[in-house]
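The following paragraphs lead the reader through selected features of the model shown here.

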Amino acid sequence: MPKICLGFAIAISILPLAAETAVDAASLKLFKPLPQTIPGPAGKISEEQVSLGRMLFYDVRFSKSQKISCNSCRDLATYGVDHQATSTGYPGQKGGRNAPTVSNAAGHFSQFWDGRAKDVEEQAKGPVLNPIEMAMGTNKDVLAVLKSIPEYVAAFKKAFPGDADPMTYDNFGRAIGAFERKLVTPGRWDKFLNGDKTALNDAEKAGLNTFVATGCVNCHNGADLGAERFQKMGAAKAWPDASDNGRAQVTHSDSDRLMFKVPSLRNIEKTGPYFHNGKTATLQTAIQDMAEFQLGKSLTPVQTASIETFLKTLIGEIPAELVKKPALPPSTASTPKASEAK
């Protein structure tokens, strides 16, 4: 009996090992790992700015209902989204487009689906004043609330010590932007790009190969696997929902009709529902639709599953300590409510 076992062991030991799935080195050059922090438009950001921005991001006092904060629609605990097709604003109104994730968004070439804001500092100022989102009315209403809270007055002075008037609406956006520039979520994919070839298994590497061969990489590349250009919805085949004119609403140019910012694929498995209208519930369907309408290709179930396997490697680590809700400055007897600030 021992001889039989020994012979079996020897036979097994000389069987050829399965070949490891190879990834083309040239393909990998199309991607980049995430930076640790995304630099601000004026260079380095300070910890005082980040701390202030974190408080502003979570504070509901900058909404007319006193119930909505930036975090309401960009929930940092769930990869920066609220998982609604379109978010709920004031007073219970629904937005016209899906709220994209705020995680890693500071690295995008523009903000919003139509690119109407150049960076997160500019983007942060929009929803606060939007009548169907936070509905604060004017920037003066926001500043009235801020100036009535001594801790905020002191925090703005620390965050912007060189400014003659630190408490401005532009600095409100700068502070939130500084905080968002820290919301970077590196993961196994970044380890793989940095040289750890064991960070992805063979099935995931095969999925990457399918992703590249299908043509997804034409738009989804770089550090964010997207978010570097605009693209027409329905580039190869007419998109079934043409009700949203996309970037044309900003530029008023017919050539920009149905043009939208290519979304980042970072954490994509965690940030559904998908596309600008939020009507696509599953990642599998999103993959199939992009192949059909953008590339003119029909994927098999095996190909779809393979790409999905790769995309799941793009899930990163939420910076847990950074995204915890901070202690917010208390209101004072003189703190106006949004309705009183008008």
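A residue is called buried under 20% relative accessible area, exposed over 50%, and partly exposed in between (1.4 Å probe, protein chains only). The model is predicted: local features need pLDDT of at least 70, side-chain atom pairs count only at pLDDT 80 or more, and totals for chains, interfaces and linings use all residues. Residues are numbered from 1 along each chain as its sequence is written, and side-chain values use heavy atoms, with hydrogens and water left out.

With a relative accessible area of 33%, Asp 202 is partly exposed. Asp 202 belongs to helix α11, which covers residues 202-214; helices (H or I, at least four residues) are DSSP runs numbered from the N terminus. Val 145 lies 57 residues from Asp 202 in sequence, and their C-alpha atoms are 55 Å apart in space.

Helix α3 comprises the 12 residues 47-58. From first C-alpha to last, α3 reaches 17 Å, close to the 16 Å expected at 1.5 Å a residue, where the expected span is 1.5 Å times one less than the number of residues. Among the buried residues of α3 are Val 50, Leu 52, Met 55 and Phe 57. What covers the buried residues of α3 includes α4 (70-73), α7 (139-147), α8 (150-159), α9 (169-180) and α15 (320-323), contact being heavy atoms within 4.5 Å.

The cysteines remain to be considered. A disulfide is a pair of cysteine sulfur atoms within 2.5 Å, and by this rule the count is 0. The sulfur of Cys 73 is 8.9 Å from the closest cysteine sulfur, in Cys 70, and therefore too far for a bond. Cys 219 is likewise in no disulfide, the nearest cysteine sulfur, that of Cys 216, being 9.3 Å away. Cys 73 is buried at 17% relative accessible area, and Cys 219 is buried at 16%.

Notes. Helix = DSSP H or I, 4+ residues; strand = E, 2+ residues; numbered from the N terminus.
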